[in-house]
Amino acid sequence: MRPVIRSSSLSRIRWALRNNQERYSSTLYSKSRKLLIGVNQNQALVNTNTDNSSLYSRLSIFRGLSAEAVEAADPAATRLTVSDVNRKGPLVEYERRINDGELMTGDICQIGALRELQRLYDELVDSVDTCRLDRYNTSDKSSRSRWFWSRLMPQTSYSPVKGLYLYGGVGTGKTMLMDLFFDQLPCTWKKQRIHFHDFMLSVHSRLQKHKGLSDPLEVVAQEIAHDAILLCLDEFMVTDVADALILNRLFGHLFSNGVILVATSNRNPDKLYEGGLQRDLFLPFISSLKERSVVHEIGSEVDYRKLTSAEQGFYFIGKDLSTLLKQKFQQLIGDNVVARPQVVEVVMGRKLQIPLGANGCAYFPFEDLCDRPLGAADYFGLFKKFHTLALEGIPVFGLHNRTAAYRFVTLVDVMYENRARLLCTAEASPQELRDETDGSWLQEHHRDQERTMSLSSAWITN
């Protein structure tokens, strides 16, 4: 058995895969970053002290900071006024959850995001009629009339309220904050909260339904706007060329129909789809996104997901190492814990069979995860439930198994984005996973991407 690679195995694999392909595709680039380990739950810590009346006091006490230190870190965080906590909205709910012990200490960086969410909440409440948010205040007749006249005389109806794009590191509480905001909105409003990949799957399904129309994207956008003026998208990340090439026109139609976007992402909008094929066609979407949304970074250095885990990943090189991997897997879940098959819902009602799972750890043979018709959306769903993956039997890749190789690249990218932990056995080191004597599969992958881009370009018109 060859040496074991520890700690940053996922980063090394990702770097090796990217480095092997960069000569053939401009979309694939290499990075080396230390892997952070985490439990996939966006949440704040539990507070045990509710004696102080102000959120600022809690910040000082539970963070162990003086008032001067808190203000030096973020002056705005020290200026929560009585009016802040007496009104309705996400700030009030955040305060209530701290008082009830559901959350521990307000994170200074989260408070900055909450201020933006509160700003959006207040503006929406003041503009309910203008934004056509209440589904019961707009009759079906007037909606049909607007749709009919829009077909004859195209017009735009941009919302007077800007949306919000929250981005920051994994585990900083973005999803928790967006859910907190969404839950405070009246149930009669036309609103939707959905994972970005689920949303795009729905868009592509609608496009197929309206195939043959002169502009199916416009019809799809009108359908979405009819159901949800406020659209909350979680984990906004563009990896698919087919998604990238339609986003500008899709959201152009959505924004012109009055849709307000609230999104969470791990990436600054300027970094979305970085290095992707035909990214120049995607750049107008970034400009539109920044024009129609307030961009706010959650700069917290705390990863709330990793507070219960600090184990490293392992990369075992060699054959017939199934027993060794299962032993390591058992150590992670606990010696007295029995791992059992599980079924988890991943995207759009689809279910994924987990061969063995327990305590946030999943065990898969390579074929079950990368040699089946699964994609990024399935992998994102998987790592919503599990923070650790034990993957048995990664082969050397060549033309004969190039489809599995493409999926493995996608899997590693998704794990990297989610800071998941990898334990695996492989036939070769990360740098040697590509068969040097059969490198044509990478060129074929590049051609496949180009064909996908050409097909997707059918939706693009100037």
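## Basis of the model

Because the model is predicted, local features need pLDDT of at least 70 and side-chain atom pairs count only at pLDDT 80 or more, whereas totals for chains, interfaces and linings use all residues. Residues are numbered from 1 along each chain as its sequence is written, and side-chain values use heavy atoms, with hydrogens and water left out.

## Overall composition

The protein contains 18 helices and twelve strands; these are DSSP runs numbered from the N terminus, with helices being H or I of at least four residues and strands E of at least two. Of its 462 residues, 53% are buried, that is, under 20% relative accessible area, where exposed is over 50% and partly exposed lies in between (1.4 Å probe, protein chains only).

Among contacts (heavy atoms within 4.5 Å) with a separation of 6 or more, 79% link residues 24 or more positions apart.

## The five-stranded parallel sheet

Five strands form an open sheet with parallel pairing in the order β3-β4-β5-β2-β6; two strands pair if DSSP finds at least two bridges between them. β3 (191-195) and β6 (293-298) are the edge strands, each with a single partner, so one side of each has no neighbour in the sheet. From one strand to the next, the twist averages 15 degrees.

Within this sheet, β2 (residues 163-168) and β5 (residues 260-265) run parallel and are joined by four bridges, with L164 partnered by V262 in β5. Helix α10 (residues 196-209) packs on the sheet and touches β3 and β4 (230-234), its direction making about 105 degrees with that of β3. Axes are lines fitted to C-alpha atoms, for helices over the stretch in contact, and angles run from 0 to 180 degrees between N-to-C directions.

## Antiparallel strands

β8 (residues 340-345) pairs with β9 (residues 351-358) in the antiparallel sense over five bridges, and V344 stands opposite L352 in β9. β9 is also joined to β10 (residues 361-365) by three antiparallel bridges, where L356 faces Y363. The hairpin of β9 and β10 has two residues between the strands, and N359 in the turn has a positive phi of about 50 degrees.

## Buried helix and cysteines

Helix α9 (residues 174-183) is largely enclosed by the rest of the structure because eight of its ten residues are buried, including M176, L180 and F181.

C361 is buried at 1% relative accessible area, and C424 is buried at 0%. Zero disulfides are found in the whole structure, a disulfide being a pair of cysteine sulfur atoms within 2.5 Å.
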